[in-house]
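Q: I would like to learn how to read a protein model, one feature at a time. Where should we begin?

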Amino acid sequence: MAASAYGQFSPAVPVWLNKGDNAWQMIASTLVATQSMPGLVILYASIVKKKWAVNSAFMALYAFAAVLICWVLLGYRMAFGDELLPFWGKGAPALGQDFLTARARIPESTHTHEDGTKETVEPWYPMATLVYFQFTFAAITLVLLAGSVLGRMNIKAWMAFVPLWLIFSYTVGAFSLWGGGFLYHWGAIDYSGGYVIHLSSGIAGLTAAYWVGPRLKSDRERFPPNNVLLMLAGAGLLWMGWSGFNGGAPYAANIDASIAILNTNVCAATSLLVWTSLDVVYFGKPSVIGAVQGMMTGLVCITPGAGLVQSWAAIVMGILSGSIPWVSMMVLHKKSALLQKSNKNFGALPELDKEGETVGMVDDTLGVFHTHAVAGLLGGLLTGLLAEPELCALILPENTRGAFYGGNGGVQFLKQMAAAIFVISWNIVSTTLILLFIRLFIPLRMPEEELEIGDDAVHGEEAYALWGDGEKYDPTKHGRVTSLFGEENSVSRNVNDAVGVTINL
């Protein structure tokens, strides 16, 4: 009986199933999931100050798990189901056996070609594959957004924010641009998430940072990574996973997927080198953190047009994504009255009023606005300029081209601008309303005593079994330590004022 599952045609191998496409799409899904878990979990845990390592990692971990459950209960069909509004689908569970084993289909994607024939996006694999693939995109959007509010957002507020933002913000952008909404049928291009994911997370992150408020002054002034080498490991997972991110966008193992993967890596490498070169020219030395930021902006910038531009254009996009976000972060950020003066570790030094309170500042902890919103917007606009007609014909439903290729290219650039305005506006409004609603029941910001201590106060756990980093030893808080196995260990000081742990076996 088991052997029948491997036959050419069987209940497990229907006539419409393309095993190669299905295998690639599941691999691409796993690569994108790995970007969040463990990629960004590791990156966040290591790029922040030691006192916030556990909290930062947990915010990413929680978002990944919470998004998955909300996605299959409601979110997927709000983003890729039947139309409720021109920008929103009808929410419904994606859990039924009949639904998940049927051939994948995006019902509102039906479009008419120039010859009058109609076509609907129907990949050659089951709906279960598409549901999981699109979940990984939804999850990483929330994880990226978290980077703007690390080091001070109340974890309970974050736990409430994740499902609400997924449902009321992410699904709108996804349906509008990917699921057959008004921007999709209008012809706006977002190949793999430059707008849906990166512009959204950057704008929503900046908005959330405004409402949550800044970190403590001591954290803003000194926020060194606690483990640069581990940060590189997380960044490496992020880069390598991007092959699934952009390579899976065509929903098939085809020529366009190959172009997208090559362009993704070419643009990322170019952007990293440009960002590093600017660091050397202006600061006299290359920065490892800067190299990671340059890598990130390159990956983000190519995403809206990865399979639609030629590889020489990917180099051009890499040059611009390594320089324009660099100027945005290193020059304009420091001159912004809203963002205030930035230090080298991403934070901002606030203006103080007479009582010493912060005034009108936005503390974007990891600079998500610059690395994702600026780079994502840049990529979307450059796609409107550089999208190559023959590559567009491989995947897009309409006769599309960038402005540099004449014809209707100028109109395409305007469509890219209009789509960006919609995404920006929706994220500002929806994120604000969600946070104001949560604030009625849960404080958005941690209490001052938790902000002073960090992980130990918030979670009762610390990343490293070491004291230091400026924290004061408090025997009422640190007098007992719980091990991995739940036993309590007494903490004592030796004659040299070092802290030791006595384990009672």
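A: Begin with exposure: a residue is buried under 20% relative accessible area, exposed over 50%, and partly exposed in between. Glu-221 has 42% relative accessibility, so Glu-221 counts as partly exposed. Keep in mind that this is a predicted model.

Q: With which residue does Glu-221 form a salt bridge?
A: A salt bridge is a side-chain nitrogen of Lys or Arg within 4 Å of a carboxyl oxygen of Asp or Glu. Glu-221 has Lys-217 as its partner, and their closest N and O atoms are 2.3 Å apart. Lys-217 is partly exposed, at 45% relative accessibility.

Q: Where do Lys-217 and Glu-221 sit relative to each other in helix α8?
A: Lys-217 and Glu-221 are four residues apart in helix α8, so about one helical turn separates them. Another network of partners also deserves a look: Lys-49, Lys-51 and Asp-219 are joined into one by salt bridges that share partners.

Q: How is the pair of Asp-219 and Lys-49 read?
A: Their side chains form a salt bridge, with 3.0 Å from N to O. Asp-219 belongs to helix α8 (residues 217-221), while Lys-49 is in the loop between α1 (19-47) and α2 (53-80), so this pair ties together parts that are 170 residues apart in sequence.

Q: Are Asp-219 and Lys-49 buried or exposed?
A: Asp-219 is buried, its relative accessible area being 0%. Lys-49 also counts as buried, at 7% relative accessibility.

Q: How many salt bridges are there by this rule?
A: The count comes to five. One of them joins Arg-105 and Glu-122, whose closest N and O atoms are 3.6 Å apart. Arg-105 is in the loop between α3 (97-101) and β3 (111-112), and Glu-122 is in the loop between β4 (118-119) and α4 (127-146), so the pair ties together parts 17 residues apart in sequence. Arg-105 is partly exposed at 35% relative accessibility, and Glu-122 is partly exposed with a relative accessible area of 32%.

Q: Which residues make the nonpolar surface patch?
A: Ile-69, Leu-73, Leu-74 and Leu-95 make a patch of about 340 Å². Take Ile-69 as an example: this residue lies in helix α2 and counts as partly exposed, with 48% relative accessibility.

Q: What span should helix α5 have?
A: The expected span of a helix is 1.5 Å times one less than its number of residues. Helix α5 (residues 155-177) has 23 residues and should therefore span 33 Å; the C-alpha atoms at its ends are 31 Å apart, which agrees.

Q: Where is the kink in α5 centred?
A: The kink is centred on Leu-166 and amounts to about 40°.

Q: How many residues of α5 are buried?
A: In α5, 18 of the 23 residues are buried, which leaves the helix mostly covered.

Q: What is found at the start of α5?
A: There, a side-chain oxygen of Asn-154 comes within 2.9 Å of the backbone nitrogen of Lys-156.

Q: How far apart are Phe-441 and Ala-157, in sequence and in space?
A: The two are 284 residues apart in sequence, and their C-alpha atoms are 8.9 Å apart in space. Phe-441 lies in the loop between α15 (409-439) and α16 (448-453). With a relative accessible area of 61%, Phe-441 is exposed.

Key: Residues are numbered from 1 along each chain as its sequence is written. This is a predicted model: local features need pLDDT of at least 70, side-chain atom pairs count only at pLDDT 80 or more; totals for chains, interfaces and linings use all residues. Side-chain values use heavy atoms; hydrogens and water are left out. Helices (H or I, at least four residues) and strands (E, at least two) are DSSP runs, numbered from the N terminus. Buried means under 20% relative accessible area, exposed over 50%, partly exposed in between (1.4 Å probe, protein chains only). Patches are made of residues with over 30% relative accessible area and no salt bridge: like charges are joined within 9 Å, nonpolar side chains (Val, Leu, Ile, Met, Phe, Trp, Tyr) within 5 Å. Accessible areas come from the Shrake-Rupley method with a 1.4 Å probe; for residues, only the protein chains shown count as cover. The bend at a residue is the angle between axes fitted to the seven residues ending there and the seven starting there. A polar contact is a pair of N or O atoms within 3.5 Å; within protein, one must be able to donate a hydrogen and the other to accept it, and residues adjacent in sequence count only if both atoms are side-chain atoms.
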